Amino acid sequence: MLHAEDQWDHIAQRYGHAGPHGTRDRLLLSDDVRRLVESPLTGAELNALWRLTDSNALHGSPDISGQERDWLVRVLSVVTPNVEPHDPSEAPPAVTEPCALGTGTPETAPRTRMPTYEHRMLASDVKDLSDRLNLRQEAVGATLPEARDVLARCAEEVCSEMAFRFLLHGFEASRSFVSRDLYGRLERVGERFGYGPHVVDRIQYLVE
């Protein structure tokens, strides 16, 4: 069991340099957080995404409403203390490949396509799948229109692959039933994102 003094100690123990997660996991988490901090999403939209991840029966997730970006920046400082988010008015650093629609450059050689190019191409698919989300559990903390709208915005203006992961969390947190046809579509999109077999199957128990 993990014993932590507060939420920051919890993050540090899990994702700090002495934690069980390796450098790759820390870099992936910091990349996600940086994209959200530097995104055009509003604080309310960031909070809605955060609420979609709260499927913890113990309701252990902190309330970040009103301080969404400040909280994410502090998470980034805990995970990668020597890396600061760049000024959104400036060009993104080279290590962060653009993932939103309308960004990046066209790639014509399928065998050498960057993952982020594929992410941009899948934005419409993720938006369509987000429309199938059905919030059956009120405790999620985001209304159905809010959830669908922010998932669509995330897919278009941040990263469709990240939006897809938020969508999977949303199905779990809301206990939203999933038809076999919908589950098959989720699996196929997950495969195009390069997922292994145990990402989408986290919601297999919700299949009707």
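A: The model discussed here is a predicted one. In it, the axes of helix 8, residues 160-174, and helix 9, residues 180-192, cross at roughly 150°. Helix 8 and helix 9 are therefore roughly antiparallel to each other. Their axes come within 12 Å, and the crossing is left-handed. On the side of helix 8, the contact is made by Phe164, Leu167, Leu168 and Phe171; on the side of helix 9, by Leu182, Leu186, Val189 and Gly190. Sorted by class, these residues comprise seven nonpolar, one polar and no charged.

An α-helix has 3.6 residues a turn, so residues three or four places apart point the same way. With that in mind, the numbering of the contact residues listed above can be followed along each helix.

Helix 8 can be taken by itself next. It has 15 residues, which at 1.5 Å a residue should span 21 Å. The C-alpha atoms at its ends are 20 Å apart, which agrees with that expectation. Of the 15 residues, 13 are buried, so helix 8 is largely enclosed by the rest of the structure. After helix 8 comes Arg175, with a positive phi near 55°.

Helix 9 can be treated in the same order. Its 13 residues should span 18 Å at 1.5 Å a residue, and its end C-alpha atoms are 19 Å apart, which agrees. The buried residues of helix 9 are Leu182, Tyr183, Gly184, Leu186, Val189 and Gly190. These buried residues pack against helix 8 and also against helix 6, residues 123-130. Just after helix 9, Gly194 has a positive phi of about 90°.

The axes of helix 3, residues 43-52, and helix 4, residues 68-79, come within 8 Å and cross at roughly 60°. Helix 3 contributes Gly43, Ala44, Leu46, Asn47 and Trp50 to the contact, and helix 4 contributes Glu68, Arg69, Trp71 and Leu72. The residues of this contact divide into five nonpolar, two polar and two charged.

Two residues of helix 3 show what lies around it. Trp50 belongs to helix 3 and, leaving aside neighbours within four places in sequence, is in contact with Ser61, Pro62, Ile64 and Trp71. Its C-alpha atom is separated by 9.1 Å from that of Asp63, 13 residues apart along the chain. Leu49 is also found in helix 3. At 1% relative accessibility, Leu49 counts as buried. With neighbours within four places in sequence left aside, Leu49 is in contact with Leu36, Leu41, Val150, Leu151, Cys154 and Phe166. Leu49 and His169 are 120 residues apart in sequence, and their C-alpha atoms are 9.4 Å apart in space.

Finally, the chain as a whole. The secondary structure of the protein chain comes to nine helices and zero strands. Of its 208 residues, 42% count as buried. Among the contacts in the chain with a separation of 6 or more, 66% are accounted for by residues 24 or more positions apart.

Note on methods. Residues numbered from 1 in each chain as written. Predicted model: local features only at pLDDT ≥ 70, side-chain atom pairs only at ≥ 80, totals over all residues. Heavy atoms only, no water. Axes fitted to C-alpha atoms, helices over the stretch in contact; angles between N-to-C directions. Helix = DSSP H or I, 4+ residues; strand = E, 2+ residues; numbered from the N terminus. Contact = heavy atoms within 4.5 Å. Nonpolar A, V, L, I, M, F, W, Y, C, P; charged D, E, K, R; others polar. Parallel < 35°, antiparallel > 145°, perpendicular 65-115°, else oblique. Left-handed = near helix turned anticlockwise from the far one by under 90°. Expected span 1.5 Å × (residues − 1). Buried < 20%, exposed > 50% of the residue type's maximum accessible area, 1.4 Å probe, protein only.
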